[in-house]
Amino acid sequence: MTTTLTTPAHAATATPRARRRRRARRHSNVLTLAMAALLVYFLFPLFWLVVAATKTTGDLFSTFGLWFADDFSLFRNIHDTFTRDGGQYLRWMLNTLGYAVISSVGAASLATFAGYGFARYVFRGRSLLLGLVLGTIMVPTTALAIPTYLLFAKVSLVNTPWAVILPSLVSPFGLFLMWVYARDAVSDSVLEAARIDGAGELAIFFRVTLRSLMPGFVTVLLFTLVATWNNYFLPLIMLNDERYYPITVGLSAWSARAVGGSGSNADLLACVVTGSLLSIIPLIAAFILLQRYWQSGLSAGAVKE
Amino acid sequence: MTTRAARNSGYVFVTPFLACFLLLFLLPLGYAGYLSFFKDQLVGGTVFAGLDNYVRAVSDPQLLDGVLRVALFFAVQVPVMLLVALVAALAIDSGLLRFARVFRLGVFLPYAVPSVVATLMWGYLYGPDFGPLAQLGDRLGFEAPNLLGNGLMLSALSNIVTWEFAGYNMIILYAALRTIPTDLFEAAAVDGAGPWRVAWSIKIPALRPALLLCLIFSVIGSFQLFAEPDLLQRLAPSVIDSAYTPNLYAYSLAFISQETNYAAAVSFLLGLVIVVVSYVVLYVSSRGTRR
């Protein structure tokens, strides 16, 4: 990746190209069937989850996993999931939503702002600073998590929501995407015209350029949204108090208790399964609604090397 | 490109990011680096230890086992996953498929599932007592292999990670396929090349940079494997110990045995290994293609 970062970029506007591509009129049934088999592999665990969410804990063990039991207890399970331990589950979902939205909007804004700055302004130290940030793209977030924990423990930030949100605000890969994007998506002539009209640089950014940076912004937003929504390691180490848990750590804690499985936890497994199903619905809905952004934004990053 | 007056505005745009980068990225790394040069002693408290923690780390059999295990995991799982992703991306892009949009979304969907939920699901599917696979075997009169046993655990983990991320890689590859200039296809069609030939001779070579990107992401992902083994540990405590992957080990050092300084050194070293491996992969695979 780095070798490319120095070579000038071309092509790769993220706007989808006109679909002028010659499409073969013939469809291949063999290929369609082969892909259908692959699709079954990717979807059957989700099918299992849907089926399992309709079962009581007892039926989860005693009936065949890939089909419904006689006793349809989905609605009871949903009720139990939301009311268990004083409504903990709903709190975890709201925490996840809060962490994910604040982190992703923050990370995408910082990356967009800085990506545009690096792409469109010449200033002292620019290459050095940019190189420094891009050089850390490969530092994995979990290798950074324990150091961040140690630092946050020093300044009493652990076991607060900030401990999960702050580290998610910095996305070197997001900056990389926006830097690439801003080089291609903003035209110099538009900027010059706005300057001649006497507009300030910040005004130009918010009134003129932000609109053309929007697809890149949304892509980075989606990436960081999924990353924080699904994050497990960081909240696991940062948070002790169950009230601050995001849904991943919460479900994991429930499942640990369900494996113990006796006494008051004897029927917890049904809640773990139903809670798992409910927790993935918002992201799956977002994926379906925002499909085109994935593709357009990703093409900017993928072809640039 | 810019007027002189506009120059200082550059700082306005990059400063918020750089400030956060400094405080939340470089500072933690620096602090952990600092801590890694100390150690706790029963007598005398925390003392400067030089490189002792690092010397201990590179000869720590638990850490080395973990690193070898994820290296093996990487060598087996990543090629399979990228092959699945490549085939799926080419198939969806080929125009030969009915319902291509359905396939694209369906294969990508597992990426929306948190690794915690994915592991919970697969854990139950694998279960030797109540999992559907074992149940099927029971009914049909054969004994299903224990997927959570010692011999198959790494494969079981590979399957979960492949399931989670094949679609994500497919989307990256598919996005790259959509940017190949269409005149190449027109020229190929004039020359009488069919879709298979186009895929082999034009599309796969054009995917090289995107495949490289996927490979780098996979290096990073494999070496920080945590959630999947952490959750499967409950179902198979005798197979997965607290040092099964380097990340699990770092976690248990920091939070269970409370060896903060050593945990800092291990995290630091782990990050370094990943960065180095990534650059090696990058260097090796870009050599020869650049003229």
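How many residues of chain A are in contact with how many residues of chain B? The structure is a predicted model, in which local features need pLDDT of at least 70 and side-chain atom pairs count only at pLDDT 80 or more, whereas totals for chains, interfaces and linings use all residues. Residues are numbered from 1 along each chain as its sequence is written, and chains are lettered from A and ligands numbered from 1 in the order in which they are written.

In this model, 90 residues of chain A are in contact with 91 residues of chain B, a contact being a pair of residues whose C-beta atoms, placed from the backbone, lie within 7 Å. On the side of chain A that touches chain B, the largest share, 10 residues, is contributed by helix H2 (residues 29–52) of chain A; helices (H or I, at least four residues) and strands (E, at least two) are DSSP runs numbered from the N terminus. By class, this side of chain A comprises 62 nonpolar, 18 polar and 10 charged residues, where Ala, Val, Leu, Ile, Met, Phe, Trp, Tyr, Cys and Pro count as nonpolar, Asp, Glu, Lys and Arg as charged, and the others, Gly among them, as polar.

Between the chains, helix H7 (residues 141–154) of chain A packs with helix H2 (residues 9–35) of chain B at an angle of about 85°, with the axes 8 Å apart. Axes are lines fitted to C-alpha atoms, for helices over the stretch in contact, and angles run from 0 to 180 degrees between N-to-C directions. H7(A) is therefore roughly perpendicular to H2(B), the term for angles of 65 to 115 degrees (under 35 is roughly parallel, over 145 roughly antiparallel, and the rest oblique). Residues making this contact include Leu144(A), Pro147(A) and Leu151(A) of H7(A), and Phe25(B), Pro28(B) and Tyr31(B) of H2(B). The contact contains 11 nonpolar, 1 polar and no charged residues.

Chain A comes to 15 helices and 0 strands. Buried residues account for 45% of its 305 residues; a residue is buried if 20 or more other C-beta atoms lie within 10 Å of its own, exposed if 12 or fewer, and partly exposed in between, with C-beta atoms placed from the backbone. Among contacts in chain A between residues at least 6 apart in sequence, 78% join residues at least 24 apart.

The largest nonpolar core has 179 residues, and those with the most contacts inside it are Ala85(B), Ala89(B), Met170(B), Leu173(B) and Val266(B). Such a core is a set of buried Ala, Val, Leu, Ile, Met, Phe, Trp, Tyr and Cys residues joined through C-beta atoms within 7 Å. Helix H8 (residues 153–177) of chain B supplies the largest share of this core, 17 residues. Beyond its neighbours within four places in sequence, Met170(B) is in contact with Ala85(B), Ala88(B), Ala89(B), Val107(B) and Phe108(B).

In chain B, strands S1 (residues 38–41) and S2 (residues 45–48) pair in the antiparallel sense over 4 bridges, pairing being assigned if DSSP finds at least two bridges. Lys39(B) has Val47(B) as its bridge partner in S2(B).

Positive phi values near 60° occur in Asn159(A) and in Gln258(B), each a residue other than glycine. Asn159(A) is partly exposed, because 14 other C-beta atoms lie within 10 Å, whereas Gln258(B), with 11 C-beta neighbours inside 10 Å, counts as exposed.

Terms used. Two residues are in contact if their C-beta atoms, placed from the backbone, lie within 7 Å.
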